[in-house]
Amino acid sequence: MQSQEQVKLLEILSSVADPEIPVLSIDEMGILRGVAIEHGRVKVTITPTYSGCPAIDQIAQDVSTVLADNGYPESEVLLVLSPAWTTDWMSDESKQKLRDYGIAPPCRTTDLSQSSEEQRLLFTAPCPQCRSLNTQIISQFGSTACKALWKCNQCKEPFDYFKPI
Ligand SMILES: [Zn+2]
């Protein structure tokens, strides 16, 4: 059950972008797990995408700034590492935004677990530009550790694939 104030706080926090994926907010990334207010102090619960992710300092900074700008000078960010963040917490809408941004969104981890190791290796990331499946992996690591670098053989463009975890 969310109070009116919580809804308002969530709205404020939805303007905080994920430092690694600026097109998505921390809410859309699924890392914003909750918000509560106790004695005028806002407590924001975040589950980082990867433990020890350097982006978390940036997020904590941005959260306290946006809250202060909206009349909540006292806030703290609490990290919750369990249950671990999974790309499944991203909504379909968020995945579409990723695609529009040029990053192939992660498939559902359940799709991965159901397939054999052989199928996993054969798993193909569709090109976010032209949707072609005629793509190939270039490197397990793209611009950041959470992304792999792929190339589309159809439109010849390289693209990032957000790895499902
Ligand atoms: Zn393409």
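Predicted model: local features only at pLDDT ≥ 70, side-chain atom pairs only at ≥ 80, totals over all residues.
Which residue follows α4 and has a positive phi? Gly-102 is the one, with a phi near 100°.

Residues are numbered from 1 along each chain as its sequence is written.

Start with the overall layout. The C-alpha atoms of the protein chain fill a box of roughly 55 × 30 × 25 Å along the principal axes. The chain has six helices and seven strands; both are DSSP runs numbered from the N terminus, helices being H or I with at least four residues and strands E with at least two. In sequence order the pattern reads α-α-β-β-α-β-α-β-α-α-β-β-β. The domain assignment gives domain 1 (4-85) and domain 2 (90-162), with bounds that come from an automatic or database assignment. Their C-alpha centres lie 27 Å apart.

How do the two domains meet? Nine residues of domain 1 are in contact with eight residues of domain 2, where contact means that the C-beta atoms, placed from the backbone, lie within 7 Å. On the domain 1 side of this meeting there are five nonpolar, two polar and two charged residues. For these classes, Ala, Val, Leu, Ile, Met, Phe, Trp, Tyr, Cys and Pro count as nonpolar, Asp, Glu, Lys and Arg as charged, and the others, Gly among them, as polar.

Now look at the strands, which pair if DSSP finds at least two bridges between them. β1 (residues 32-38) and β2 (residues 41-46) run antiparallel and are joined by six bridges. Val-35 stands opposite Val-44 in β2. The two strands form a hairpin with two residues between them, and His-39 in the turn has a positive phi of about 50°. Elsewhere, four strands make an open sheet of mixed pairing in the order β4-β7-β6-β5. Its edge strands, each pairing on one side only, are β4 (103-104) and β5 (135-139). Within this sheet, β6 (residues 147-152) and β7 (residues 158-162) are antiparallel and share five bridges; Ala-148, for instance, has Tyr-161 in β7 as its bridge partner.

Next comes the interior. Of the 165 residues of the chain, 27% count as buried, meaning that 20 or more other C-beta atoms lie within 10 Å of their own, whereas exposed residues have 12 or fewer and partly exposed ones fall in between.

Finally, return to α4 (residues 92-101), whose buried residues are Ser-94, Lys-95 and Leu-98. These cover an arc of only 100° around the axis (judged by the directions from the helix axis to the C-beta atoms), so they sit on the same side of α4. They pack against α2, β4 and β7. The face turned away from the buried side carries the exposed residues Asp-92, Glu-93, Gln-96 and Asp-100.
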